[in-house]
Amino acid sequence: MDEMDERRGEKIVKRKRVGILGGTFDPIHVGHLMMAEAVRNEYHLDKILFIPTGNPPHKHGDVTSAEHRYMMTMLATCSNPFFEVSDIEMKREGLSYSVDTVRALQREHKDTDYFFIIGTDIVKTIATWERIDELLSICEFIAAQRPGSDASAETLRAELGEIGETRIHALATPELEISSTDIRSRVRRGYSIKYVVPPSVEQYIAKYHLYK
């Protein structure tokens, strides 16, 4: 809501705080959801924007179609009013780079500050991301990590220098040993994935015979 500065008679717009959680989400699982909710609460974010990647530069091998991954992400997040899903990277041709995504979002939403959320398994790779210094200059990073350990974030800060020290923050989130790779493997072997993905995602995977 807009606020009025009575002293100057100027209208001050309260800036929004939005977290970005990108990924292949192949499939999305409860670990993603718990991490997003923990970050939203700790950093008082207005919402979390889930962005399934279109053509991710860091992934090799087969990736499930963007349409399926988008639908699973929609199903997993629709019950939380603070979660939204964007197809911005799916609609982009060529490789999807996070810096281009954030720039596009900033052009469209000039009243918003963005916080890029990364998990423990991603922390060690972001120093190699396309134009990482530029990305860190336009948004802050929140590194979700296992409770009791912030070694990964500390290593990354040291590697990236001063900008890493000021723009990368560590947050202990619930520890869940869940990975999309393991979920795909379980489906292929005919094992249950109940309780590691939302029921709607479990049903979607079965309906469309994904990961067989």
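Trainee: Which residues lie nearest the centre of the second largest pocket, and how many line it?
Mentor: In this predicted model, 15 residues line the second largest pocket, and K47, L49, E84, H109 and Y114 lie nearest its centre.

Trainee: Which elements give two or more residues to that lining?
Mentor: The elements are β3, β4, β5, α3 and β6.

Trainee: What volume does the second largest pocket have, and how does its lining divide by class?
Mentor: The volume is about 280 Å³. The lining has six charged, six nonpolar and three polar residues.

Trainee: Turning to the sheet, in what order do the strands run?
Mentor: The order is β5-β4-β3-β6-β7-β8, with six strands forming an open sheet and parallel pairing. Strands β5 (83-85) and β8 (168-172) are the edge strands, each pairing on one side only. On average, neighbouring strands of this sheet are turned by 30° against each other, direction ignored.

Trainee: Over how many bridges do β4 and β5 pair?
Mentor: Strand β4, residues 47-52, pairs with β5 over three bridges in the parallel sense. Within these strands, L49 stands opposite E84 in β5. Both L49 and E84 were named above among the residues nearest the centre of the second largest pocket.

Trainee: Which helices pack on or lie across these strands?
Mentor: Helix α1, residues 30-42, packs on the sheet and touches β3 (16-23), β4, β5, β6 (112-118), β7 (140-145) and β8. The direction of α1 makes about 145° with that of β4. Helix α3, residues 98-108, lies across β3, β4 and β6, and runs at about 155° to β6.

Trainee: Now to aromatic pairs: how many are there?
Mentor: The count comes to six aromatic pairs, taking ring centres within 6.5 Å as the criterion.

Trainee: Why is the pair of F50 and F83 edge-to-face?
Mentor: The ring centres of F50 and F83 are 5.0 Å apart and the planes stand at 65°, so the pair is edge-to-face; planes over 60 degrees apart count as such.

Trainee: Which parts does that pair tie together?
Mentor: F50 lies in strand β4 and F83 in strand β5, so the pair ties together parts that are 33 residues apart in sequence.

Trainee: One more topic, the backbone. Where is there a cis peptide bond?
Mentor: A cis peptide bond joins D26 and P27, with omega at about 5°. P27 lies in the loop between β3 and α1. Most peptide bonds are trans, and most residues other than glycine have a negative phi.

Trainee: Which residue has a positive phi although it is not a glycine?
Mentor: That is R131, whose phi is about 50°. R131 is located in the loop between α4 (120-123) and α5 (132-138).

Terms used: Residues numbered from 1 in each chain as written. Predicted model: local features only at pLDDT ≥ 70, side-chain atom pairs only at ≥ 80, totals over all residues. Heavy atoms only, no water. Pairing = 2+ DSSP bridges. Helix = DSSP H or I, 4+ residues; strand = E, 2+ residues; numbered from the N terminus. Axes fitted to C-alpha atoms, helices over the stretch in contact; angles between N-to-C directions. Contact = heavy atoms within 4.5 Å. 1 Å grid on protein atoms, 1.4 Å probe; cavity = no way out; pocket = protein on both sides within 12 Å on 5 of 7 lines; lining within 4 Å. Points joined across faces, edges and corners; volume = space filled by probe spheres on them. Nonpolar A, V, L, I, M, F, W, Y, C, P; charged D, E, K, R; others polar. Phe/Tyr/Trp six-rings, centres within 6.5 Å; stacked < 30°, edge-to-face > 60°.
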